[in-house]
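Dear colleague,

I am passing on the structure we spoke about, placed just below.

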2 protein chains.
Amino acid sequence: MALVVQKYGGSSLENAERIRRVAERIVETKKQGNDVVVVCSAMGDTTDELLDLANQVNPVPPAREMDMLLTAGERISNSLVAMAIASLGASARSFTGSQAGVITTERHGNARIVEVTPGRVREALDEGHICLVAGFQGVNRETRDVTTLGRGGSDTTAVALAAALEADVCEIYSDVDGVYTADPRIVSNAQRLDNISFEEMLELAAVGAKILQLRCVEYARAFNVPLRVRSSYSNEIGTLVNGSVEDIPVEEAVLTGVAHDRSEAKITILGIPDVAGQAAQVFRAVADAEINIDMVLQNVSSIDDNRTDITFTCPREDGPRALELLKKLQVEGDWKDVLYDDHVGKVSLVGAGMKSHPGVTATFCEALAQSDVNIELISTSEIRISVLIRDTDLDTAVRALHEAFQLGGEEEAVVYAGTGR
Amino acid sequence: MALVVQKYGGSSLENAERIRRVAERIVETKKQGNDVVVVCSAMGDTTDELLDLANQVNPVPPAREMDMLLTAGERISNSLVAMAIASLGASARSFTGSQAGVITTERHGNARIVEVTPGRVREALDEGHICLVAGFQGVNRETRDVTTLGRGGSDTTAVALAAALEADVCEIYSDVDGVYTADPRIVSNAQRLDNISFEEMLELAAVGAKILQLRCVEYARAFNVPLRVRSSYSNEIGTLVNGSVEDIPVEEAVLTGVAHDRSEAKITILGIPDVAGQAAQVFRAVADAEINIDMVLQNVSSIDDNRTDITFTCPREDGPRALELLKKLQVEGDWKDVLYDDHVGKVSLVGAGMKSHPGVTATFCEALAQSDVNIELISTSEIRISVLIRDTDLDTAVRALHEAFQLGGEEEAVVYAGTGR
């Protein structure tokens, strides 16, 4: 008998009809002889509606109370799924994050899981119940206050529970049926991958594939929890995320896929004095404002005035804030100018095969050149190449790379409509 | 410095605007130098919306899961009120029933409070915070499952907290501004009472005054918690419910008010054998179906066939179920017939003065007779007379009794629109 943890996203639970469908799948899994633990996100728009209510009573609500409010969403979806399971004749018990032993740090709105002590869940499983655990939430052991885990929180709850319960697999259900070699909405012959290593999935998640949040994959890799990405609308087997890139035999290592990202902005500081500590000052200021930096480029100093240029990218939503704080530093620092550009896009190629196949970078650049796509920034890891280009060139670039590295299948990919939550 | 517990009903919290108003009142109470604990019901229609969702996924949902679902409602309203308080510059902390130490029996959907151990609330009060506690909910100590308290649960939460914290007063806010000598929508010169004893309030609540639930008043009496019934839309002082009827000097004891009730049905069993145990069988069957009986009448046995008639009233919503089960017993028991009548109404006069003023019953019956209102059943307590009449006569009877006992004031009562939740 296996222990299966399943996680369902908000769009899979957006109304009573979908909740009943999810319940059928859960009961089916139980009937196949498995112990089943289910983690649900809040139903469809619940979280947005609660955020809207909060905003109406207080535009800057206290984080502790925000967590108390938002956790009601998963409480609702979980108990409804439990009821739907009961209506199919199976027995279900729902638990809050706190009841399921999800212990977190105290940072409201973006807490980290410290430990999972799922004694009550284990007990209920042993009594033959299907267990439902509210995702996205936990409890801070010191203050005993309710916390939320921030973006991708429900996926992380599922993986953390799977690790603590030593589950055989953690299935992540959404409206996409697996990990593809590229976005099927852009590349018509994109293929679904059967297998992908944790490291490759991490790289894909980091460069814009929205299928899994980075922290969830990191958690799964750290505790070696096999993940299966599946659709709640089909019976496709999905993609198994498992194993280390180190374990892939060289001959089998391939290029995995092309990811793209439209969510970044580019900031360039012109004419910054080329002396030690200047770059550090820039990045410290940005870091103190809790803005994540992605790609970075520093030009060679121009000889005549001993000044240089620094370019970096950050999330587009944080761009205006980053620009504002750098404009302030510009005066003190005697920089020539700070430029902002959010008409950029990032395209990346990921794959374990990059380590063993020489010439990947050359082919990458040639493919883009042949499609008249100009490269503005390059960054690489051992198994990834990313470049920043004009956002209007993004689709062309994705198709060109997918074609150049022969990632396509012979059939057209099925595109599911949906939000990809 | 006094400790004030305030309870706000769902209609006082039905949108962001009303929540901000409630927050203003709470902060005002705090600024006057009081410690403040607030218990909120779920916002307006939240509970109905959740019930509707539950019904869509499972028409007979498991009670444990129903409690998990419904308690989300108070969690939402409480955290929103806390946010609204914060926006006014005061500091608030919300707690679930479980966090506030509301320990209950395990009966889901209709649990009773066993104990309140509000250590965290006390601690937060001592740190200067306004405390919000989710009403209507608690936790079963044995199973650690979330429970709900059933009808009037939030009022009871407030009173139980007030008792455990030894509060100076428990204020119950709704859309009515106090306890009246009669329903002002029926009697135009009904007067608001300044004071009423626990026993009188209990009698009024028992016979249809919807202002406070019976169990909340019982709890307040048992722990001697002064209650103040106030409106969340005015600054009227409301009605203080306090003290025993025993403590009222005979000269000051008066008749308090007239209450009415349209929620009962009358069931009559005709020709039941007049032997020992027959009535017991009827009432045991009804009790086993968890149907509450109110008034009971058994006629004198008719001489010729040694049979009698039994009449009783029960909640109208349970009437069809009671009728069905008695129709089954009719065959076994050889009764002549079982009749059902839901066109009845009950009118009651309540007051400590009844004990010391002879002739109240006579005046009561005369007043109804003069208005051509026929009495079908009578029941009394030491401080109450109730009669069952035609529902179409109810308004007439209320006015006639209010007039006969000179309960009216000189001014017209202000009638607040609202649901009286």
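A:Arg93 is partly exposed, with a relative accessible area of 27%, in what is, please keep in mind, a predicted model. The side chain of A:Arg93 forms a salt bridge with B:Asp145, and the closest N and O atoms of the two are 3.8 Å apart. Since A:Arg93 sits in strand S3 (residues 92-95) of chain A, while B:Asp145 belongs to the loop between strand S7 (137-140) and strand S8 (146-148) of chain B, the pair joins two chains. B:Asp145, for its part, has a relative accessibility of 5% and therefore counts as buried, the cut-off for that class being under 20%.

Over all chains, a search of the whole structure finds 56 salt bridges, and I describe two further pairs here. In chain A, the side chains of A:Glu290 and A:Arg107 meet in a salt bridge, at 3.1 Å from N to O. A:Glu290 lies in the loop between helix H8 (278-288) and strand S15 (296-298) of chain A, and A:Arg107 in the loop between strand S4 (102-104) and strand S5 (113-116) of chain A, so that this pair ties together parts that are 183 residues apart in sequence. With a relative accessible area of 55%, A:Glu290 is exposed, whereas A:Arg107, at 44%, is partly exposed.

In chain B, a salt bridge of 2.8 Å, N to O, is formed by the side chains of B:Arg307 and B:Asp334. Here B:Arg307 is part of strand S16 (residues 307-315) of chain B and B:Asp334 is part of the loop between helix H9 (319-333) and strand S17 (337-341) of chain B, so the pair links parts that are 27 residues apart in sequence. B:Arg307 counts as buried at 18% relative accessibility, while B:Asp334 is partly exposed, with a relative accessible area of 47%. Beyond such pairs, salt bridges that share partners join A:Arg64, A:Glu65, A:Asp145, B:Arg93 and B:Arg120 into one network.

On the surface, a patch of negative charge gathers A:Asp45, A:Asp48, A:Glu49 and A:Asp52 together with B:Asp45, B:Asp48, B:Glu49 and B:Asp52. Helix H2 (46-57) of chain A and helix H2 (46-57) of chain B each supply at least two residues of this negative patch. One of the residues of the patch is B:Asp48, which is found in helix H2 of chain B and is partly exposed, with a relative accessible area of 48%.

As to annotation, the unreviewed UniProt entry carries a "binding site" label that covers A:Lys7, A:Tyr8, A:Gly9, A:Gly10, A:Tyr180 and A:Arg185. These positions span 179 residues in sequence, and their farthest two C-alpha atoms are 24.5 Å apart, so they do not all gather at one spot. Among them, A:Lys7 has its place in strand S1 (residues 3-8) of chain A and is buried, with a relative accessible area of 6%.

Finally, a note on a residue of chain B: B:Ile293 is found in the loop between helix H8 (278-288) and strand S15 (296-298) of chain B, where B:Ile293 is partly exposed, with a relative accessible area of 28%. From C-alpha to C-alpha, B:Ile293 and B:Pro226 are 30 Å apart in space, and they are 67 residues apart in sequence.

With best regards

Technical notes:
Residues are numbered from 1 along each chain as its sequence is written. Chains are lettered from A and ligands numbered from 1 in the order in which they are written. This is a predicted model: local features need pLDDT of at least 70, side-chain atom pairs count only at pLDDT 80 or more; totals for chains, interfaces and linings use all residues. Side-chain values use heavy atoms; hydrogens and water are left out. Patches are made of residues with over 30% relative accessible area and no salt bridge: like charges are joined within 9 Å, nonpolar side chains (Val, Leu, Ile, Met, Phe, Trp, Tyr) within 5 Å. Accessible areas come from the Shrake-Rupley method with a 1.4 Å probe; for residues, only the protein chains shown count as cover. A salt bridge is a side-chain nitrogen of Lys or Arg within 4 Å of a carboxyl oxygen of Asp or Glu. Lys and Arg count as positive and Asp and Glu as negative; His and the chain ends are not counted. The place of a charge is taken as NZ of Lys, CZ of Arg, CG of Asp or CD of Glu. Helices (H or I, at least four residues) and strands (E, at least two) are DSSP runs, numbered from the N terminus. Buried means under 20% relative accessible area, exposed over 50%, partly exposed in between (1.4 Å probe, protein chains only). UniProt positions are given in the numbering used here, feature names are shortened, and annotations may be inferred rather than shown by experiment.
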